[in-house]
Amino acid sequence: MVRITSCFCIVIVALSLFTTQSESAAQAYRRDPGHQQWHHGAFQDVKDSVRSDVRQMLLSRAEVPFQVPLEVNIVLVGFSGDGGYRYALDSPKLEEFLKVSFPTHRPSCLETGQPLDIEHHIVYNAFPAGQPELIALEKALKAAMVPAGNARETDFGREVPLFEVEATAVEQEFQKLYTYLFDLESWGQSGEEMDRPWPTVIFIVNFDKVRLDPGNKEIDLDSLMYGRITQLNEEEMKKQEGDYIYRYRYNGGGASQVWLGSSRFVVVDLSAGPCTYGKIETEEGSVSSRSLPRLRNVVFHKGLGVVTEHAAHETFVGQLASLVATTIEHVIAPDVRFETADMTTRLLIPIIVLQNHNRFNIMTRGHNYSLDVGAIEAEVKKMLHKEQEVVMIGGSHALHRHEKLAIAVSKAMRGHSLQETKKDGRFHVHTKTYLDGAILKEEMERSADVLAAGLLEVSDPSLSSKFFLRQHWMDESDGTSDSILKHKPIWATYSQSRKKEKKRTIEKKKQGDLHRTYGTRVIPVFVLSLADVDEHLMMEGESLVWTSKDVVIVLQHQNDKIPLSYVSEIERRHAIPVLSQRHILAGLASVVGGLSAPYEKASHVHERPVVNWLWATGCHPFGPFSNTSHVSQLLKDVALRNTIYARVDSALHRIRETSEAVQAFAAEHLKTPLGEPVKGKKNKTSTELWLEKFYKKTTNLPEPFPHELVDRLEKYLDSLEEQLVDLSSLLYDHRLQEAHSNSSDILQSSIFTQQYVEHILASEREKMRCCSIEYKLPLQSSQNLIYAGILLAGFFVYFVVIFFSSPVR
């Protein structure tokens, strides 16, 4: 009886243990007491360096960019001896290699080709993900695999089964891992609206393709979540490729093994592919089987010996680091498309559809070609700061009722010849018609039509700064104008030429301190809905959208798919001209947020933008390999930072111009009374000697202008130094709303300080002139009459003397 009872207890304990293991196996993202915490506090380590660079930038004309720390997290999935080939990667070693090899990145402006006055100090965090999270991702990926025929292996040329994975189907699992690693679930539902640090993540994954094989029904992935993963022998290592290929498509776009998610992460799958895509007969930017590193080449390296194995491993680490740097340059901190220091608080976007037919209207809802204006407005709002308002309106107009616009469209039609190879292997020459966006915009501006010339006139981005700079110094602000708030300049209170009584009366009329100016920026979107045109009609560059810094032009016509000169694997990519929503969003993202396409980058060597199609797929509306009308949250953050960068860049340029004006004035007037330069130390010029006086007050040189100006400029530069250091900290902490307000204050103060310095220099230059020439008309007075009388009296006396001295008399 005792034995039966003891056996029964053992069975109960075993069942309870099995139940506990099964429950824990279902919890892939379980938080254990020793769970690794994400620390975001690297700014204190670089704060002194940022302050030193800011001081050097402000107190000299050295081209020192403004330092902004940028944190990038690299999460290694399947690199702890539990993924493909059981490969193990030392994450601290990768992190150290990245810090040494790619410590900084300086974005440029695609419009001007010049680098910005902003430089990112990259802070790398590399760490591995756990085995349960790896198995959870493999389970989701295996369920999302869909057979897609056969594909040919790159290395051996044999045909193997092909599976395709819709990236949006597994994106939610990566989002769970993203939330779990950085403890985002504790932020609550309102976390997305919070102005707080948001991690930017690069997921580099290495899956076991044998476990992923959809035909392998023997492996139970749930049992491996917390179980022991066995090591592989030599034969099993050779079969790690699984004799099949899988690749991703984001929302049906081009096939790839890397993609940009809708959140703040990107995915690099080294087990997928390899994939090939790019432009036909063009080498630049094409993605091939060697664009991404393959673990097969590391494990089965050519040659023997420890040195060769070590060299293969080091090469793989270098390739991973280069891949991370490319991702930062193109996706996380890309170049700015248009640099516009927009100070307005309202954004008006009229979507104007110009059609030469009445067959269909894209503004009508319920069709596959219909425009969803609300969805476009929602995406644009997320690229603007909270205090900025978006007003989006839409309407259709018949093109034949606007004669000037119809003529402009006709003039913008261009053609060029192409030589293409057909199935017979020969070159065939044909002419292709396209619509030139630059000519179309110019013709619209010249026309007298209010739909084009009127909107394009008010859409000039410089108008926003004109609104901001427009000031009426002596007028009383009545408060009735909403577009322009009048205020007095800073230097109005510093003028030495005004009388005290006059200054007092002026101060009574003024409202006091500096106020922000409000305005409305207009960005028109012209959608040309044409019928009875060339079936392959597109805009220049094989695109359906053309943008400048103030207008978006989209082409739309109801024809079949247009074959492009871009290929994904062995298939051509096609453009669908009847769908215009994605192209409108792409144009507005470039104009409003300054976003550049993730495959473009400015090259100072080539003096033009160069392309790299690696990141042409994912959650963005740009290019022939994309197929979504949404913008990733990662790119929306970039758009918000671009607005801040544009203001800071403009302010720093103004500060340098002001410094140069001060130094030029000092070099011109810092001389002895005999015109000789002021003598000082041998190794310093007269300008540098005076600048010592300006900043350090260590010399007894004569001052070329009042000490009051020197003191005020010194205080301004000290306060600006603190503002820039605070701005760098806010950008690092992703507190973009506060950073936006800070950048506005910096730009305002730089504008009015520049005006104040120009005013003082002009006033002092007038005082220091040694002499002047004045031209005046002769004055009429009574002295002229007196001189005339004296002259007549002299003539009279002369004739009298001559008359009486005659001999006859």
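These are my notebook entries on a few features I looked up in this predicted model.

**Entry 1: the annotated segment**

I began with the UniProt record. Its unreviewed entry annotates residues 785-804 as a "transmembrane region". I checked the secondary structure there and found 100% helix and 0% strand, with 29 Å between the end C-alpha atoms. I then looked up the surface and noted a nonpolar patch of about 610 Å², made by F796, V797, V800, V801, F803 and F804. I picked V800, which lies in helix α22 (residues 783-804). V800 has a relative accessible area of 31%, so I wrote it down as partly exposed.

**Entry 2: a covered helix**

Next I looked at helix α17, residues 581-593. Its 13 residues reach 17 Å from first C-alpha to last, close to the 18 Å expected at 1.5 Å a residue. I counted how many of them are buried and got 13 of 13. G594 follows α17, and I read a positive phi for G594, near 70°.

**Entry 3: a covered strand**

I turned to strand β17, residues 525-530. Which residues of β17 are on each side? I listed V525, V527 and S529 on one side, and F526, L528 and L530 on the other; all are buried. In a regular strand, side chains alternate between the two faces of the sheet.

I then looked for the neighbours of β17. Strand β12 (residues 346-355) pairs with β17 in the parallel sense over five bridges, and V353 stands opposite V527. Strand β20 (residues 552-557) also runs parallel to β17, joined by six bridges. There, I found H557 as the bridge partner of L530.

**Entry 4: salt bridges**

The structure holds 30 salt bridges. I looked up three of them. Side chains of opposite charge can pair when their charged atoms come close.

- D208 and R86 meet at 2.8 Å, N to O. The pair links distant parts of the chain, 122 residues apart. D208 has 2% relative accessibility, so I noted it as buried. R86, at 12%, also counts as buried.
- E159 and R152 meet at 3.3 Å, N to O. I found E159 exposed at 52% relative accessibility, and R152 exposed at 53%.
- R264 and D637 have their closest N and O atoms 2.6 Å apart. R264 is in the loop between β9 and β10, and D637 is in helix α18, 373 residues away. Both R264 and D637 are buried.

Terms used
Residues are numbered from 1 along each chain as its sequence is written. This is a predicted model: local features need pLDDT of at least 70, side-chain atom pairs count only at pLDDT 80 or more; totals for chains, interfaces and linings use all residues. Side-chain values use heavy atoms; hydrogens and water are left out. UniProt positions are given in the numbering used here, feature names are shortened, and annotations may be inferred rather than shown by experiment. Helices (H or I, at least four residues) and strands (E, at least two) are DSSP runs, numbered from the N terminus. The expected span of a helix is 1.5 Å times one less than its number of residues. Buried means under 20% relative accessible area, exposed over 50%, partly exposed in between (1.4 Å probe, protein chains only). Patches are made of residues with over 30% relative accessible area and no salt bridge: like charges are joined within 9 Å, nonpolar side chains (Val, Leu, Ile, Met, Phe, Trp, Tyr) within 5 Å. Accessible areas come from the Shrake-Rupley method with a 1.4 Å probe; for residues, only the protein chains shown count as cover. A salt bridge is a side-chain nitrogen of Lys or Arg within 4 Å of a carboxyl oxygen of Asp or Glu. Two strands pair if DSSP finds at least two bridges between them.
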